[in-house]
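Here is a note for a colleague who is coming to this structure for the first time.

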Amino acid sequence: DLSTFAFLQEKGISHRDVKPQNIIFFEKKGKGSKNLYKITDFGEAKINNRKNGLIRDNYEDNTLKQTVRGTELYMSPLLFNTLRNTREIDIKYNPYKNDVYSLGLCILLAASLSYIPLYQIREIKSMDKIKSDIEGSLNKLYSKTFINLILVMLEINEKFRPDFIELNSWINNHYFSQ
């Protein structure tokens with residue numbers, strides 16, 4: 001359920017340290033009960049710029065110069081490579097799209113039950129290779145739609161990766177229109 005992240009984005013809040021340790025799962029028992037997920041540890045969170053009380057919805061407007069924050073293993077390629085190669089403290093990036101990438105890695109970890117794909121993806125520079133590797137390891141276990149969701153979230157190029165609001169639309173179009 002991405003509604004919490006979309007809600008945070010609507011309020012102009014980016015988490016900036018999405019990782020499995022910061023997502024708590026509560027299993028609900030009983031007929032009609034839904035499982036509950038809670039996001040924790042807002043120590044790196046940031047309230048981002050707003051225009052007229054609303055988050056700007058233009059990609060360039062949402063690309064803000066900010067401090068690189070988060071756990072290295074779950075950083076988007078842009079943040080990880082900046083940290084690894086330049087040691088820059090402040091760069092321009094879309095914090096919501098970075099959080100989407102981080103959550104995509106969390107989902108991949110849960111689906112594969114292994115950290116190996118996370119480390120392998122870190123070294124890959126081609127979406128075709130990422131697609132091939134993820135499909136190869138998850139194809140027999142999960143639906144094509146679920147695998148495509150992971151791939152959308154793990155898009156290398158931030159400009160083509162959705163934020164949480166766009167991702168909710170993607171999910172509604174792909175899961176609920178069938």
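**Notes on the predicted model**

1. Of the 178 residues of the protein, 42% count as buried. Please keep in mind while reading that this is a predicted model. The secondary structure comes to eight helices and six strands, and from the N terminus on these elements run in the order α-β-β-β-β-α-β-α-β-α-α-α-α-α. Among the contacts between residues at least 6 apart in sequence, 66% join residues that are at least 24 apart.

2. As background, nonpolar side chains tend to be buried together in soluble globular proteins.

3. When its neighbours within four places in sequence are left aside, Leu103 is in contact with Leu2, Phe5, Val18, Ile23, Met153 and Phe164.

4. How do the axes of α4 and α7 cross, and at what angle? The two axes come within 8 Å and cross at roughly 140°, and the crossing of α4 and α7 is left-handed. On the side of α4 the contact is made by Val100, Tyr101, Leu103, Gly104, Ile107, Leu108 and Ala111, while Phe146, Ile150 and Met153 make it on the side of α7. Sorted by class, the contact of α4 with α7 has nine nonpolar residues, one polar residue and no charged residues.

5. The aromatic pairs come next. The count of such pairs comes to three, and a pair of aromatic rings is described by the distance of the centres and the angle of the planes. Phe5 and Phe164 form a stacked pair, with 4.7 Å from centre to centre and 15° between the planes. Because Phe5 lies in helix α1 and Phe164 in helix α8, this pair ties together parts that are 159 residues apart in sequence. Both Phe5 and Phe164 are buried.

6. In a further aromatic pair, the rings of Tyr142 and Phe146 have their centres 5.0 Å apart and their planes at 35°, so the pair is tilted. Tyr142 counts as partly exposed, at 30% relative accessibility.

7. Tyr175 is found in helix α8 and is partly exposed, with a relative accessible area of 31%. Tyr175 and Phe146 are 29 residues apart in sequence, and their C-alpha atoms are 8.8 Å apart in space. Leaving aside neighbours within four places in sequence, Tyr175 is in contact with Thr145, Phe146, Leu149 and Trp170.

8. Phi of Arg16 is near 70°; Arg16 has its place in the loop between β1 (13-14) and β2 (23-26), and is buried, with a relative accessible area of 9%. Asp41 has a phi of about 55°, again a positive value although Asp41 is not a glycine. Asp41 has its place in the loop between β3 (36-39) and β4 (46-47), and at 41% relative accessibility Asp41 counts as partly exposed.

9. Is Asp17 buried or exposed? Asp17 has its place in the loop between β1 and β2 and is buried, with a relative accessible area of 9%. Leaving aside neighbours within four places in sequence, Asp17 is in contact with Asn22, Asp41, Glu44, Gly70, Thr71 and Asp99. The C-alpha atoms of Asp17 and Met75 are separated by 8.2 Å, although the two residues are 58 residues apart along the chain.

How values were computed. Residues numbered from 1 in each chain as written. Predicted model: local features only at pLDDT ≥ 70, side-chain atom pairs only at ≥ 80, totals over all residues. Heavy atoms only, no water. Contact = heavy atoms within 4.5 Å. Axes fitted to C-alpha atoms, helices over the stretch in contact; angles between N-to-C directions. Helix = DSSP H or I, 4+ residues; strand = E, 2+ residues; numbered from the N terminus. Left-handed = near helix turned anticlockwise from the far one by under 90°. Nonpolar A, V, L, I, M, F, W, Y, C, P; charged D, E, K, R; others polar. Phe/Tyr/Trp six-rings, centres within 6.5 Å; stacked < 30°, edge-to-face > 60°. Buried < 20%, exposed > 50% of the residue type's maximum accessible area, 1.4 Å probe, protein only.
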